[in-house]
Amino acid sequence: MKSLLRNCETRHRLSQSCEPFLQRIVLRTFCSDTITSACPHASSSSELASLSVRPYDEIPGPQPIPILGNAWRLLPLIGQYQISDVGKISQMFYEEYGKIVRLSGLIGRPDLLFVYDADEIEKVYRQEGPTPFRPSMPCLVYYKSVVRKDFFGELPGVVGVHGESWKEFRTRVQKPVLQPKAIRKYITPIEVVTEDFINRIEKIKGDDDELPGDFDNEIHKWALECIGRVALDVRLGCLGDALSSNSEPQKIIDAAKFALRNVASLELKAPYWRYIPTPLWSRYVRNMNYFIEICMKYIDAAIVRLKNKNTVDESDLSLVEQILAKETDPKIAYIFALDLILVGIDTAMCSILYQLATRPEEQEKIHQELLQILPDPSVSLTTSHLDQAIYMKAFIREVFRVYSTVIGNGRTLQNDTIICGYKIPKGIQVVFPTLVTGNMEEYVADAKTFKPSRWLKESDNENLHPFASLPYGYGARMCLGRRFADLEMQVLLAKLLRSYKLEYHHQPLKYKVTFMYAPDGELKFKFIKR
């Protein structure tokens, strides 16, 4: 780390003392521009670059051992790390090795390169083309393209896939989920679902206003009910009193959670499942098969409803119906709906509610804001109400900064690239640990303080690097469902915090990685009517 800092200081002094022409060459040499034959920097400064750019093998990181490489670190009994501790591992790598760390020797997969420099992250993002490769869920790709090619065929969906096929599919489905006007019409449907959720809370909380420890499952039910209403224009019945563990909605939740929460285990540990059907892989396939089977019943019902409608007004159609009305191949709507349901169940609300319950002063600020916006809590929410909930939305963004829902974003490099003064070869998977960079003083002023006000307009003068905290990613691969996720969170918080006080009176919860980065333990909140 010290040698890397000295290298950076040397470059800085050189850039100050050289003539302007040489200064431009030096600065360009150490930028993260892709090295190709067309790169104007490569030819003009090739001699200087050959002396200054360091080889990939010199990047610091944990040293692999013969045969097992670094994969042994994730093995049971002898390993150093657990998959659920990826957040801690990411922080530890930065503290021990510096702003760029190489994790090599992972059996059956490319190296992972951790980059903790927000300026370098920005350069990598800004230079990417229209079809960036995001290194995520190869097990899901294998399931779609090999195990269930009979169902998916040449339609990959938008989750875990890359290239031109991903671009074409996303282009055909993105209009109804990205247009703000299209999103606004779902405020009332989500509000109705949320009111049913609050009624459910009233029924299941104890005489002391405390909720049962498995309240996270209730949040997942609410999330699935919202997705069903928005995507399929149907109420799935997730919030009913008689919903059993054997019911179809609960089985959808369980199957989706199992599939998503075991992605890290399937990918970061030795991927024997690619060659033999391991027990974990077999369960993954069974859960995905069941997930598809049950979801298809509801999607088929949406298709029947669309065919039976006398007039087709786009404003009255669900997301899936809008796609069905325009596409000749109904499979596109099938696969898009499956992707929405799969990734939409495991929500950030567990983390947000926990942070609210343990930060009463911040919660009170939001309550006071909502009192001004909604003097009468029975009034239906509108776009205007949510637009005014500025501090509430700032709180959500601050939770995402400090306790990012994902450990990091990333890219699989499509060309040789210079990052932090090292030449990184094509094919390396680069990880941008937003959980770490979002908490670095270098990029966020007073980073260790939880301060939602930093996101308000009057705080524009604060140091806040735009690429330090990107919970939804960036560019073409930015989360497609982010507007719906934001809408769901805003509606739920507005309805809850206007009329309830949220408390937590147990041992502090640590965070761990499942699919999301979330509190690990029972969410025994108290919901106290105001």
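**Overall organisation**

The chain has 24 helices and 10 strands, where helices (H or I, at least four residues) and strands (E, at least two) are DSSP runs numbered from the N terminus. The model is a predicted one, in which local features need pLDDT of at least 70 and side-chain atom pairs count only at pLDDT 80 or more, while totals for chains, interfaces and linings use all residues. Residues are numbered from 1 along each chain as its sequence is written, and side-chain values use heavy atoms, with hydrogens and water left out.

Of the 530 residues of the chain, 54% count as buried; buried means under 20% relative accessible area, exposed means over 50%, and partly exposed lies in between, with a 1.4 Å probe and protein chains only. Among the contacts in the chain with a separation of 6 or more, 72% are between residues 24 or more positions apart, a contact being heavy atoms within 4.5 Å.

Two packed helices are described by the angle between their axes and the distance between the axes. Here the axes are lines fitted to C-alpha atoms, for helices over the stretch in contact, and the angles run from 0 to 180 degrees between N-to-C directions.

The axes of helix 12 (residues 187–204) and helix 24 come within 9 Å and cross at roughly 50°. That angle makes helix 12 oblique to helix 24, on a scale where angles under 35 degrees count as roughly parallel, over 145 as roughly antiparallel, 65 to 115 as roughly perpendicular and the rest as oblique. Helix 12 passes helix 24 in a right-handed crossing; a crossing is right-handed if the near helix is turned clockwise from the far one by less than a right angle, and left-handed if anticlockwise. On the side of helix 12 the contact is made by Ile187, Ile190, Glu191, Thr194, Glu195, Phe197, Ile198 and Ile201, and on the side of helix 24 by Leu487, Glu488, Val491, Leu492, Lys495 and Leu496. Sorted by class, the contact of helix 12 with helix 24 has nine nonpolar, one polar and four charged residues, where Ala, Val, Leu, Ile, Met, Phe, Trp, Tyr, Cys and Pro count as nonpolar, Asp, Glu, Lys and Arg as charged, and the others, Gly among them, as polar.

Helix 13 (residues 215–232) also packs against helix 24 (residues 482–499), with axes that come within 12 Å and cross at roughly 120°. Helix 13 and helix 24 are therefore oblique to each other, and their crossing is right-handed. Trp222, Cys226, Ile227 and Val230 of helix 13 make the contact with Phe484, Glu488 and Leu492 of helix 24. By class, this contact of helix 13 with helix 24 has six nonpolar, no polar and one charged residues.

Arg482, placed in helix 24, is buried, with a relative accessible area of 15%. Leaving aside neighbours within four places in sequence, Arg482 is in contact with Arg170, Leu178 and Tyr472.

Ser351 is found in helix 19 (residues 349–357) and is buried, with a relative accessible area of 3%. Not counting residues up to four places away in sequence, Ser351 touches Val399, Tyr403, Tyr511 and Pro519. Arg397 sits in helix 22 (residues 390–402) and counts as partly exposed at 44% relative accessibility; its C-alpha atom is separated by 9.6 Å from that of Arg454, 57 residues apart along the chain.

Cys420 has a positive phi of about 55° although it is not a glycine; Cys420 lies in the loop between strand 4 (417–419) and strand 5 (422–424) and counts as buried at 7% relative accessibility. Asp446, another residue other than glycine, has a positive phi near 50°; Asp446 is found in the loop between helix 23 and helix 24 and is partly exposed, with a relative accessible area of 36%.
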